[in-house]
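Reader: I would like to go through the labels attached to this model one by one. Could you show me the cut-off behind each label?

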Amino acid sequence: MTQISRDSFGSAALVNPVAEETLQAAQKYRLARVKQQLVEHDCGAILLYDPVNIRYATDSSNMQVWTLHNFARYTLVFAEGPVIHWEFHNCEHLLSGNQQIDEIRTAINWSFFGAGSRIDERVKLWAEEIAHLITQHSPDNRRLALDKADIEGIDCLREKGLRVVEGHSLMEQARKIKSAAEIALMQWTIQVCEKGIQRMYDELKPGMTENALWAWLHYENIRHGGEWIETRLLSSGPRTNPWMQESSNRIMQTGEILSFDTDLIGPYGYCADISRAWTVGHVPPTPEQRHIYQLAYEQVQYNMSLLKAGLSYKEFSQKAWKIPAENYPNRYCCLAHGIGLADEYPAIAHQGNDWNSSGYDGLFEENMVVCVESYIGAKDGREGIKLEQQVLITKDGIIELSTYPWEENWL
């Protein structure tokens, strides 16, 4: 994809280019992927609580962050049968016109927040309803996949004669391969994210706080219909090394490094995960800042050049750019990871102890989207550089989906 200049972002709000037919095509594709995985894993149905998984299967969303930690809505998808969704109290109207859902019911909340001392009573009602529906729609296959739930619920379902199996991996496999319509939705989120990045670039001035700058990314995301940002990974000066410090009220000074990682959940729920680094005040970098930026850029470019359909995760890890010894202790947690409605499977470990302790193999496939990562900061060094690029794997190589400019005059 052709690199674009910062001037092309402008200040006016962007116009959503996504056609209704594109959204409908993505919805149908995603539900079909879930049902396909159920058949392949010999499961009669899957019960979804993770709001990202619910969004993938039904394209419905309601209080997404809140329902990450409150079990207040859930969905049952049958391999060969209906999609039944339980919605939060008096929120059924939010699903008006949703073509992915065959039946809407009111959720039974049996978490401690919702049920208090009545958990046992509520969870039994919940399990009875689920078991009845399995008997009705999947009488010959009582294997129920479940992406997450509290232990009381699992025990109750098993008491009802259901064979409960782990379902989060099934959903990750479904979400792994993107359709053309999904890519179009993701590209719109990336446009919105890059609009936010440019707003941060324009607003960045010495004397402002990290939090004040980070707020501009949220602003552009929300005004374009985006949803939330999963982290607050923006830091400046000495807070850039080691990495993973979230934005603070620290006042930024002229000439310091500013690094950030967007982790942005934008329009239609898709994720844009892009990292860039600048100097505060946009002054020329010092020789050391230029050096670590060049190393991070080289790592991203080199590792992107390796990606192709059919390459194993292990081979990618073995062939990956070698991090200099002084920077290795502060390496990023993975070399690359999948992305869709959020960060997704796989996460590719570095060779050595990382691979031995947590690495796993598999194959990169056509139409996977991955983010290629780099963090360069010497152990006990003053500053660090975080860079990341989002790419689509095709049969002919990769397409860079994120187009925001690099600091080419630093290279």
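**Labels and their cut-offs**

Author: Gladly! Let us begin with a pair: Lys386 and Glu373 form a salt bridge, with 2.5 Å between the closest N and O atoms. Lys386 belongs to strand E16 (residues 385–394) and Glu373 to strand E15 (residues 369–376), so the pair links distant parts of the chain, 13 residues apart. Strands (E, at least two residues) and helices (H or I, at least four) are DSSP runs, numbered from the N terminus. This is a predicted model, in which local features need pLDDT of at least 70 and side-chain atom pairs count only at pLDDT 80 or more, while totals for chains, interfaces and linings use all residues. Residues are numbered from 1 along each chain as its sequence is written, and side-chain values use heavy atoms, with hydrogens and water left out.

Reader: Why is the contact of Lys386 with Glu373 called a salt bridge?

Author: The term asks for a side-chain nitrogen of Lys or Arg within 4 Å of a carboxyl oxygen of Asp or Glu. The closest N and O atoms of Lys386 and Glu373 are 2.5 Å apart, so the pair qualifies. In general, side chains of opposite charge can pair when their charged atoms come close.

Reader: How do you know whether Lys386 and Glu373 are buried or exposed?

Author: Buried means under 20% relative accessible area, exposed over 50%, and partly exposed in between (1.4 Å probe, protein chains only). Lys386 has 0% and therefore counts as buried; Glu373, with 1%, is buried too.

Reader: What makes Asp354 and Arg331 a salt bridge, and which parts does the pair tie together?

Author: Their closest N and O atoms are 2.8 Å apart, which meets the salt-bridge limit. Asp354 lies in helix H11 (residues 353–358) and Arg331 in the loop between H10 and strand E13 (336–339), so the pair ties together parts 23 residues apart in sequence. Asp354 is buried at 17%, whereas Arg331 is partly exposed at 23%.

Reader: Where do Lys319 and Glu315 lie, and why are they called partly exposed?

Author: Both are in helix H10 (residues 313–319), four residues apart, about one turn of the helix. Lys319 has a relative accessible area of 42%, so partly exposed is the label for it; Glu315 gets that label because its value is 28%. The two form a salt bridge, with the closest N and O atoms 2.6 Å apart. The structure holds 23 salt bridges, and Arg30, Arg55, Asp59 and Glu227 are linked in a network of them.

Reader: Why is helix H2 described as largely enclosed?

Author: Helix H2 (residues 51–58) has eight of its eight residues buried, so the rest of the structure largely encloses it. Among them are Pro51, Asn53, Arg55 and Tyr56. The cover includes helix H1 (20–40), strand E1 (45–48) and helix H7 (180–203).

Reader: How do you know that Glu92 is partly exposed, and what does it touch?

Author: Its relative accessibility is 27%, so Glu92 falls in the partly exposed range. Glu92 sits in the loop between E3 and strand E4 (103–106). Not counting residues up to four places away in sequence, Glu92 touches Glu87, Ile104 and Thr106, where contact means heavy atoms within 4.5 Å.
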